[in-house]
Each structure stands twice: as C-alpha cells, then as structure tokens.
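Colleague: Could you take me through the nonpolar core of this model, and then through the elements that surround that core?

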Amino acid sequence: QVEKQDKKDLVMYVYAGKPSPRYQERFGKEARIQLNDKFASVGEVQQFIFSERETKREELIPCLTTALKVDRNANMGIVMDIKQELRKVNALKVNYTTYEGNAFANLQ
C-alpha cells in the first residue's frame, strides 16, 4: 500500500546508494549511507536514531518513522544492514520511499 507521508517533521531519512558521478572521486564508487544530509557508516545508524529521538518531545517518539530511500541499483546487503541496526534500537516503523507511477509497468 502506498501512502503520502503527512508529517515530515516526524520522519528520519536514511539514503543508500552509490554516490553520483560528481562525488565519486571524493567518496568512491561503492554504495554509501547518508543519514539526513551526512555520509555515515552502518555503525552510526543507531546513534543517529538516538540523537533524532532526543530532539523530539517524548509523546512524539512512538510516531517517528524512518524513511529508507534506496537507489534501485543498490545492493540489498546494505539495506539489510540498515534494517538490522534499526531493529537493535527498536525503530520498527519503516517507510520505503517510492517513485510515483504504475508498479505493474516495471514488470519485465
């Protein structure tokens, strides 16, 4: 089921994928994780979640959602690593960001 996210301030963004060509010389060609607007390692995901929770009021913490935006060419291993780290900190509300369009048009 696809839904539009209403409250963007309750969303923590985790991006995964290869850096764009203009950043590959600086960050390499391997898939990287970006937490909000900063490159990070898988080991930093837990601390990222904790620090995001600290900035919110206590009653809003259960409403926090982690949005995973993953490049279509990214390795599934990096996604599984991120999800494992999220489980360790009980951040189980995960949103997978998608493109608009007909999902059945992607079947080949």
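Modeller: The largest nonpolar core has 18 residues, and among these Val14, Leu35, Ile49 and Ile82 touch the most other members; such a core is a set of buried Ala, Val, Leu, Ile, Met, Phe, Trp, Tyr and Cys residues joined through side-chain atoms within 4.5 Å, where buried means under 20% relative accessible area with a 1.4 Å probe, protein chains only. At least two residues of this core come from each of E1, E2, H2 and H3, and H3 gives the most, with 4 residues. Helices (H or I, at least four residues) and strands (E, at least two) are DSSP runs, numbered from the N terminus. This is a predicted model, in which local features need pLDDT of at least 70 and side-chain atom pairs count only at pLDDT 80 or more, while totals for chains, interfaces and linings use all residues. Residues are numbered from 1 along each chain as its sequence is written, and side-chain values use heavy atoms, with hydrogens and water left out.

Leaving aside residues up to four places away in sequence, Ile49 touches Met12, Thr66, Leu86, Val89 and Ala91, contact meaning heavy atoms within 4.5 Å. Helix H2 (residues 45–54) lies across strand E1 (11–17), E2 and strand E4 (65–70), whereas helix H3 (residues 76–88) lies across E1, E2, E4 and E5.

These strands belong to an open, mixed sheet of 5 strands in the order E3-E2-E1-E4-E5, two strands being paired if DSSP finds at least two bridges between them. Strand E3 (38–40) and strand E5 (94–96) are at the edges, each with a single partner strand, so one side of each has no neighbour in the sheet. Strand E2 (residues 32–35) pairs with E3 in the antiparallel sense over 3 bridges, and Leu35 has Lys38 in E3 as its bridge partner.

Conventions: Axes are lines fitted to C-alpha atoms, for helices over the stretch in contact, and angles run from 0 to 180 degrees between N-to-C directions. Buried means under 20% relative accessible area, exposed over 50%, partly exposed in between (1.4 Å probe, protein chains only).
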